[in-house]
Amino acid sequence: MQNLLRCLLLAAPAASAIIPKAGGSQETSSNFSKRGIFGPIDTSAPDIIAGGRVASDAPPVSSFFAGLRPPFPTNTWWASYAATPGNAVAAGPFPYESSLDGPGIRFGVSTDRQFDGVSIKQPTQIDWLAGFSEHSGNFANHKATAFDTQTVTVQYFQGSATLTTYLVPGSPYLTFEYKQATPLLTSANGGIQSFNGHGLSTGASFSATGTSFTVTDTKGTTYLIYSLSSITLVATAKSGTQGEIRASGPFNGVLRVVKLNDPSHKALLDQHYQVYPTSAGLDYSFTDTSSTVLFNWNTVGDGSQLLLLTWPHHRVSLQNPNYPATTALNYLTTKGWMYPIIGNQWKLNYALSSITWNAPRPVDGSCVPSVIKGLEYEIGQLNPANAPVPGDFYYWGGALAAASRLALIADTVGRGDLVTPVINYLKASFEHWFQSSSGTLAAYETAWGGIINKAGSNNVYVDFGNGYYNDHHFHYGYFLHVAAVIAKFDGNWLNQHRAVINLFARDIINPSPNDPYFPITRSRDWFAGHSWASGIANGAGSRDQESTGEAINGYYGALLWASVALSQDFVNYAKLLVATEQQAAKIYWHLYPSQSPTARDNPYPEADLRKLITIGNVEDWQSGAWLFWGDQKVEIAAIQILPVTPVNEVLYDTEWVNNLWSYTMPELVDPTYGDEWKNVIIAAYSNAHPQTAAAWSANITNWGSGNTFTNELYFISTRPNPGGAPICGALPQNPYGNFKLQVATSGRFVAASSSNTNLVASAGASGDAAVFSSAYVPNAGTLQLQSTNQFVTADASGTFVISAARATASTWERFTIRQKVGAAGGVYTIKAASNGKYVTVGGDGSLINNGGNESAGAGFRFVAA
């Protein structure tokens with residue numbers, strides 16, 4: 001039997017807010033009793049960070065966290081309650097959306113589901129405002145009194161009168177606890193049409209006493225109001241668009257309000273309204289191969305009778321659930337149908353991957369020579385003296401993480417001699433993060449509590465809003481990946497810099513309320529099942545996440561760092577975060593046309609949406625095949641795949657990659673679409689079809705800043721290969737050596753010289769031809785005119801004659817030379833990497849890279865010189 005690592009559950013709500021005591025000391029508020037599963041990564045102050053401390057110019061609404069000190073959550077579903085101005089619509093508590101207003105909390109359930117051909121949308125609908133008549137409407141007269149990893153408790157107050165609401169995702173009821181306050185519900189979606197079955201004309205009122213009430217507004221939306229003790233409510237239709245329900249006097253008790261979608265749902269709601277949740281606890285257990293996550297709701301009343309709602313990702317993982325019929329209660333949301341479950345403890349099981357540094361299979365033997373040749377070339381380009389100086393977290397991190405993969409691949413294929421040059425290059429670049437004189441600095445932000453790009457503390461446009469807590473798991477996953485690779489091969493570096501790097505791990509995977517400087521797992525929404533990339537910008541309005549690949553990589557980077565620098569607890573925790581993020585990506589971002597529109601766990605009943613194969617962006621109120629920054633199919637698909645790392649093979653299931661291949665094919669074969677997107681789609685496709693992917697990858701010449709030739713081929717060459725056929729086989733490559741170029745159709749040779757650097761097929765005899773040296777670069781090569789040592793270059797426009805005019809070779813000096821389809825053996829086409837176009841021969845013999853496809857390209861013989 002495998003050892004089971006069991007963690008104790010403490011049932012009280014978790015939070016890390018601290019209330020100051022008189023005299024400057026501190027104690028934990030009784031409302032914030034600490035519950036932790038694992039201890040903190042560290043608790044030391046972040047003063048060692050090179051950028052020091054800085055305060056955000058967008059601090060929390062001071063009244064909301066009155067009496068509390070940071071750290072505060074920044075990416076939760078309810079972040080808009082706290083972020084200035086404090087009244088943006090929150091992403092929940094689903095099935096509701098809500099916002100905090102001066103006199104009370106506004107809430108509603110969207111009933112307007114739309115599909116525009118690209119996205120499904122459920123625009124926010126506010127149905128009611130809950131408050132109490134004694135409240136002045138002063139916006140400062142409400143505050144948070146408790147929060148945990150899923151829930152938040154908000155209290156409105158005026159003198160001794162209070163309204164406390166326990167905002168719990170998944171609760172079909174909203175819960176309002178009144179003390180010495182007169183409940184007041186104000187309609188926000190029209191006037192009141194009827195109350196307890198009595199129609200109301202404008203100006204009319206109706207009074208009812210009891211514990212159960214029904215109200216329908218003039219838009220036809222019906223709510224039930226339950227009271228846990230008898231109360232008298234008076235409904236007044238003030239106009240056709242305004243109405244209110246007011247208690248007859250101050251009340252000490254609990255009201256529960258619920259949207260009634262269908263009259264048949266009332267039976268189940270009647271049975272369970274007396275039990276309500278106040279907070280949520282989180283617990284986990286681990287074996288070597290799986291984890292069980294426990295959601296434990298603290299309740300008033302018999303917890304075994306707690307009625308909640310589940311989303312698809314819950315239902316595929318729940319163990320031994322007590323489900324009423326799906327017809328008994330349901331709400332359609334942007335994540336699909338929410339269906340009922342009974343009980344105050346959920347057990348969700350997740351398989352954990354054993355993959356850490358490298359793929360679980362060795363490089364296919366047919367690919368080893370190409371992988372090693374790629375390593376030698378790409379590592380040879382890494383000069384520590386020219387290591388990049390960080391200008392941001394995101395682009396720096398992606399590029400350095402790609403370089404760090406080269407060290408891991410070199411190590412696994414037995415080329416330890418190639419590891420040290422990579423590590424030296426990484427350390428040279430990383431060193432800038434430790435220098436206070438650097439142009440780009442990491443700093444500890446004090447208003448919320450976290451590590452940010454210092455320049456972004458007052459500028460949301462810096463580093464994609466990093467200073468406003470956008471994308472931290474994206475950025476710091478790369479950062480931690482690089483640090484982990486250095487640490488793996490250099491223990492002295494690890495010992496020297498562990499505490500600084502831990503600050504970045506604490507920022508995104510801190511599991512404990514006992515860390516006084518960082519919130520718990522900043523980006524993760526445990527009820528939604530995935531992370532949110534959006535932080536506090538724009539008042540922390542709509543939550544969104546585009547790049548599931550980079551979200552997973554955030555926790556994969558943390559996993560690698562934990563594997564080399566932290567304890568097994570944090571390895572397990574990072575594995576759990578990876579697994580749950582991958583599951584959510586497959587459910588909410590991957591689309592499957594074969595899925596039945598009526599399947600219980602299908603989040604998108606719209607068949608036409610599922611034909612789009614990949615969601616680009618999931619928000620709280622819409623999900624669609626689009627991106628904030630691009631609309632190409634290859635872009636939308638690639639951003640859900642990259643970066644290409646071993647841990648994501650579980651993500652690239654066969655049905656999805658097959659559909660993705662067909663869906664993106666028109667752009668995959670179009671040279672005007674960039675290889676930097678195509679290469680990651682090819683990598684994902686290799687998980688099901690490695691031989692085909694290897695052949696396609698042989699024609700890629702640009703891997704973008706976040707991938708390399710070697711990593712691409714390494715991933716492809718380590719895929720499952722049940723048939724056993726060689727993965728790489730005889731992959732095509734450029735002819736290398738010294739050659740004269742002859743046009744196959746005319747027999748004329750290409751000439752060029754120092755006096756005329758343009759390449760022109762003007763020589764009638766071999767003796768008058770120029771000689772070119774063809775040298776290796778991955779999947780391509782360079783052509784260098786021997787007589788001048790200048791490299792042949794082709795501009796991106798394809799309107800100029802290619803010429804031997806560059807002293808050094810870069811992207812525009814790369815060419816892919818392949819056997820021409822349908823031509824005699826030894827006749828090649830030349831494709832320019834600068835624009836993906838094929839070289840043609842003009843009427844005057846000029847060579848120009850303007851051929852739109854392979855058949856348009858001229859055929860050349862490479863005659864040995």
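1. The largest pocket holds about 1200 Å³ of space. A pocket here is an open set of points on a 1 Å grid over the protein atoms alone, with protein on both sides within 12 Å along at least five of seven lines; a volume is the space filled by probe spheres set on the points. This is a predicted model, in which local features need pLDDT of at least 70, side-chain atom pairs count only at pLDDT 80 or more, and totals for chains, interfaces and linings use all residues. Residues are numbered from 1 along each chain as its sequence is written, and side-chain values use heavy atoms, leaving out hydrogens and water.

2. Lining the largest pocket are 41 residues (an atom within 4 Å of a point). Tyr 394, Phe 464, Asp 471, Glu 546 and Trp 629 lie nearest its centre. Helices α5 (394-412), α7 (472-489) and α14 (675-686), taken as DSSP runs of H or I with at least four residues, each give two or more residues to this lining.

3. There are seven cavities of 30 Å³ or more, a cavity being a set of points where a 1.4 Å probe fits but cannot get out.

4. The largest nonpolar core has 233 residues, and Tyr 81, Phe 430 and Trp 561 touch the most other members. Such a core is a set of buried (under 20% relative accessible area, 1.4 Å probe, protein chains only) Ala, Val, Leu, Ile, Met, Phe, Trp, Tyr and Cys residues joined through side-chain atoms within 4.5 Å. Helix α10 (residues 568-589) supplies the largest share, 13 residues.

Conventions:
Buried means under 20% relative accessible area, exposed over 50%, partly exposed in between (1.4 Å probe, protein chains only).
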